[in-house]
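Here is a protein chain to explore. Look at the model first, then read the report beside it.

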Amino acid sequence: MIYDDKIFGDLCHKEFLVEREVKKLEEIYLEEVLPEDPKPEDEIEFTFNCPLKFHITSGKIVKDNREIYTFNIQERKTQWNDSIFNFSEIIKIKIPPLKENGLYQIHLYEMNEKIYEQYLSIDNFEAPLWSEESIIYHIFIDRFAKDEKEVEYSENLKEKLGGNLKGILSRLDYIENLGINTIWISPIFKSTSYHGYDIEDYFEIDPIWGTKEDLKKLVREAFNRGIRIILDFVPNHMSYKNPIFQKALKDKNSNLRSWFIFKGEDYETFFGVKSMPKINLKNKEAIDYIINAAKYWIREFGISGYRMDHATGPDTNFWSIFYYNLKSEFPETFYFGEIVETPKETKKYVGKFDGTLDFYLFKIIRDFFIGKRWSTKEFVKMIDLEEKFYGNKFKRISFLENHDSNRFLWVAKDKKLLRLASIFQFSINAIPIIYNGQEMGCSQYRDILEGNRTLHEHARLPIPWSDDKQDKELIDFYRQLVKIRKSHPALYKGTFIPIFSDMISFIKETQEESILVLINIEDKEEIFNLNGTYRDLFSGNIYTNSLKLGPMSAHLLLRIDH
């Protein structure tokens, strides 16, 4: 069964991708920077793709309005593009090391006229070391817990049901016992809707979700348990009820008008939703406002970073500015983007985030484990190629379900598949997310797709807290899986070594340890020949020579003669 939650939308359609390539070639665009995330000591090579209407003759590197370096075009290459059935020009520019950290701009000129501008962040920023060992628990605050009680179900799932920060605080024992060390909370700012992705005030918490004192207490109590708090942040759009937008809407002469993208009486929005006007993040005042809001919650409340909503909305110049400013002041914070894109496009955000939610991985895991779309050899090869494509510097964050998708169990109808997919997820370097309730066996009572409509709230049902509503065996499984991952660095930072067999098989290896991962998703027994002595990390059993895998079973095997 192949099931598509439509998360990728038109990206899965070749016609859309061709159309996008055509549109891209209407303007100059930066195709590649080498190295991808340049440091002060690096020589840098830029590759631009230029349509016929432009002829670039020279350029400048600028910092703080000062000219740092000028250059002429060193290399031109003619390229034929099938998508536009025409030629374009590829130009390469090489510059010496810029030597100092900072935000730079690349200006390109046609004769004496500037026709292009691109921001470039030169820095030594890295994802913080603590992120490498993170296991993230994703909480949808309005549906998680209300004070010390369960959030009551309502027939109207589009209204705020009142889950709050005190509810998260009351469940810290549970989260700590799972072994979680990072919590990501959906937006908590003053908001028009139950989901929080339309913000009315970036500097206030919505009263129904709690107070600033509640947040301070949660961050403090969580940190004392070794748990960091990450918030969901929404820079691309705000609520139409936000006073900033209301002033811009009502007064055409207001300076705030340029904070948005008005076209006559109309304005640009988030996917056509009129209640979510898009912020013009090319406007310096708007950029400063968003950056100051992001800094405020880190500085005043001690949060450890942000998941950035709809990161493909603002252009990459904004993200260069945002990331440089935040990491300069708070280098130990962690930023990952919701980048629903092809891997090729996603990689363009290297150096602009610490990492990304891996939507491609989400899709192929579900397509394989639930849909059995590929052979095990093809699946392992895809994982191997993706590992090599991204490398380990740009952190990928893996998930089996989220607040925008059907629950894994709703689609799979099989807890064994959920276990097997989770074992795979926790065995690769991508940072794993557990979506609240996933570990309890939470599902839903209807699909999120209804014709052309997407009813996300059905994947956002209240979390059950009474013992009779939870799968204790599944919770124990996740507790053990989390403990195994945290205890064995090979699982979260080891080299991926594929083994092409009739089951999912690969080795994760560091200098200190080697772990053999075997996952049999078939309803028949399989035999795997071993080349050493291994201890099963789940059962403690010792295996040599060969291992008989039962139907729908998995083993994480630590080599003990390594």
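Asn545 sits in strand 29, which covers residues 542–549. Strands are DSSP runs of E with at least two residues, helices are runs of H or I with at least four, and both are numbered from the N terminus. Asn545 has a positive phi of about 65°, although it is not a glycine. Is Asn545 buried or exposed? Asn545 counts as exposed because its relative accessibility is 58%. The cut-offs are these: buried is under 20% relative accessible area, exposed is over 50%, and partly exposed lies in between (1.4 Å probe, protein chains only).

This is a predicted model, where local features need pLDDT of at least 70, side-chain atom pairs count only at pLDDT 80 or more, and totals for chains, interfaces and linings use all residues. Residues are numbered from 1 along each chain as its sequence is written, and side-chain values use heavy atoms, with hydrogens and water left out.

## Other backbone details

Lys413 also calls for a look. Lys413 is not a glycine, yet its phi is positive, about 60°. Lys413 lies in the loop between helix 13 (408–412) and helix 14 (415–425). With 57% relative accessibility, Lys413 counts as exposed.

Now turn to a proline. The peptide bond from Leu34 to Pro35 is cis, and its omega is near -5°. Pro35 belongs to the loop between strand 1 (29–34) and strand 2.

Helix 1 spans residues 14–24 and contains Glu15. Glu15 is exposed, at 60% relative accessibility. How far apart in space are Glu15 and Leu108? Their C-alpha atoms are 32 Å apart, and the two residues are 93 apart in sequence.

## The whole chain

The chain has 16 helices and 30 strands. Its C-alpha atoms fill a box of roughly 75 × 55 × 45 Å along the principal axes.

Of the 562 residues, 58% count as buried. Take contacts (heavy atoms within 4.5 Å). Among those between residues at least 6 apart in sequence, 67% join residues at least 24 apart.

## Salt bridges

How many salt bridges does a search of the whole structure find? The search finds 50. A salt bridge is a side-chain nitrogen of Lys or Arg within 4 Å of a carboxyl oxygen of Asp or Glu.

| Pair | N to O distance |
|---|---|
| Lys92 and Glu45 | 3.8 Å |
| Glu268 and Lys263 | 3.2 Å |
| Arg373 and Asp367 | 3.1 Å |

The side chains of Lys92 and Glu45 meet in a salt bridge. This pair links distant parts of the chain: Lys92 is in strand 6 (residues 86–95), Glu45 is in strand 2 (residues 44–50), and they are 47 residues apart. Glu45 is buried, at 18% relative accessible area.

Glu268 pairs with Lys263. Glu268 is partly exposed at 26%, while Lys263 is exposed at 56%.

Arg373 pairs with Asp367. Arg373 is partly exposed at 44%, whereas Asp367 is buried at 2%.
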